[in-house]
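Please open the model in your viewer and keep the selection tool at hand. The tour below moves from one selection to the next and says what is there.

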Amino acid sequence: MKKITFINPLAHIKRVSNAIAIQLLKKSCEDNGIKTQFIDLSNDFIRENIEYKQALSWLQNKLQNIKYDIVCISCIMNASFIWAIKIAEIIKFRNPDTKIIFGGPHVTALQEMLFNKTAKLVDYLCIFEGELTIVELVKYINKEISVLPINVISCNKGIIKYSKKLQMDIPFGIVKDISYATFIDAPILDIEVGRGCPYRCYFCSSNVISGKNVRYREPDDFLQEAQKIYELTYKKTIINFTHDNFFL
């Protein structure tokens, strides 16, 4: 089975932080027997004190010696989108057979229009919430299943292929016990406590990604998770509870 590499691209954040979406996708794959690795470019850029004028050569050095089968790049923030494209460009130049997946708010919003911006760099787009989709897509790439999974758009030699689009409410219990060990130096760590928002604010992607159904994790679950992080980081880390509309 081919291994999937998750990449957290550069962004505008100036402090070490955890990428919840990637943590969840990575753990979901591991729970289903898929080998993974994680390249945290966003935080490495901060930890190594790199200046943006050095970013391109730094990226090339970071990515050059790694063998990639499947790469999943998360496009969560505006500032990370252009870096995701550059990362895909570097990987495809050195490993043309690598299958590259884009996912996140930008991908769900743009969908097939994104292929106009990525030329021949991106093979698959994952839309909406991805914990189930990413597992099925890896199986599809590995030829374990023959039908393109739900919420995937593919592009092969300029031919765009669609699967069924379905905005699903992913149960929180599907992925448990994600690891925070690589983020112990973060001053603030985010814990997801729910998803969804009933409003359709012009400036926000929450309704597009997670739907209008507001969902909450069980308090005992996320409080236990918070306690583990608090102890892991020697009580130095602030815990940030995140939700698309927490005050609702």
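Begin by selecting L24, L25, S28 and C29 in helix 1, which meet E131, I134 and V135 in helix 7; contact here means heavy atoms within 4.5 Å, and helices (H or I, at least four residues) and strands (E, at least two) are DSSP runs, numbered from the N terminus. The residues of this contact divide into 5 nonpolar, 1 polar and 1 charged, where Ala, Val, Leu, Ile, Met, Phe, Trp, Tyr, Cys and Pro count as nonpolar, Asp, Glu, Lys and Arg as charged, and the others, Gly among them, as polar.

This is a predicted model, in which local features need pLDDT of at least 70 and side-chain atom pairs count only at pLDDT 80 or more, whereas totals for chains, interfaces and linings use all residues. Residues are numbered from 1 along each chain as its sequence is written, and side-chain values use heavy atoms, with hydrogens and water left out.

Now show helix 1 (residues 20-31) and helix 7 (residues 131-141) whole: their axes come within 9 Å and cross at roughly 50 degrees. The two helices are therefore oblique to each other, a term for angles that are not under 35 degrees (roughly parallel), over 145 (roughly antiparallel) or 65 to 115 (roughly perpendicular).

Next, select helix 3 (residues 55-63), where A55, W58, L59 and L63 are buried, that is, under 20% relative accessible area, with exposed meaning over 50% and partly exposed in between (1.4 Å probe, protein chains only). Seen down the axis of helix 3, its buried residues fall within an arc of 120 degrees, so they line one face of the helix; the arc is that of the directions from the helix axis to the C-beta atoms.

Finish in two loops. K157, in the loop between strand 6 and strand 7 (159-162), has a positive phi near 55 degrees but is exposed, with a relative accessible area of 81%.

Key: Axes are lines fitted to C-alpha atoms, for helices over the stretch in contact, and angles run from 0 to 180 degrees between N-to-C directions.
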